[in-house]
Amino acid sequence: MSKQQEKRLNIINKTITLCAQYGFHGTSMDSIIPLPKGVSKATIYKYFISKENLIKEALIMFSERALNHLNIVFSDPTF
């Protein structure tokens, strides 16, 4: 994974965490910035054109992870 991909993934992961705690309206771009190391507001806007775009990407990733987890659980014959 490249450094750019890693930064983008870190931003998305922090956004998922903050949205789970504070919701969409309680999560600002400024609250995301101090969490991933080496990430500035300009870096976030380099990868995501808006807060809405960032939240959308975070929701897509969260949904994919949840579906993967459910597939694993439901494919387990001991469940």
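Modeller: Happy to; here is a look at the pairing of helices α1 and α4. This is a predicted model, so to speak: local features need pLDDT of at least 70, side-chain atom pairs count only at pLDDT 80 or more, and totals for chains, interfaces and linings use all residues. Residues are numbered from 1 along each chain as its sequence is written, and side-chain values use heavy atoms, without hydrogens and water. Helix α1 (residues 3-26) and helix α4 (residues 51-75), both DSSP runs of H or I with at least four residues, have axes, fitted to C-alpha atoms over the stretch in contact, that come within 9 Å and cross at roughly 95° on a 0 to 180 degree N-to-C scale. That makes α1 roughly perpendicular to α4 (65 to 115 degrees). Among the residues in contact (heavy atoms within 4.5 Å) are Ile12 and Phe24 of α1 and Lys51 and Met61 of α4. Arg8 of α1 and Glu57 of α4, 49 residues apart, form a salt bridge at 3.4 Å, N to O (Lys or Arg side-chain nitrogen within 4 Å of an Asp or Glu carboxyl oxygen). Lys51 lies over the face of Phe24, at 4.3 Å from the ring centre (cut-offs: NZ of Lys or CZ of Arg within 6 Å of the centre and within 35 degrees of the normal).

Terms used: Helices (H or I, at least four residues) and strands (E, at least two) are DSSP runs, numbered from the N terminus. Angles under 35 degrees count as roughly parallel, over 145 as roughly antiparallel, 65 to 115 as roughly perpendicular and the rest as oblique.
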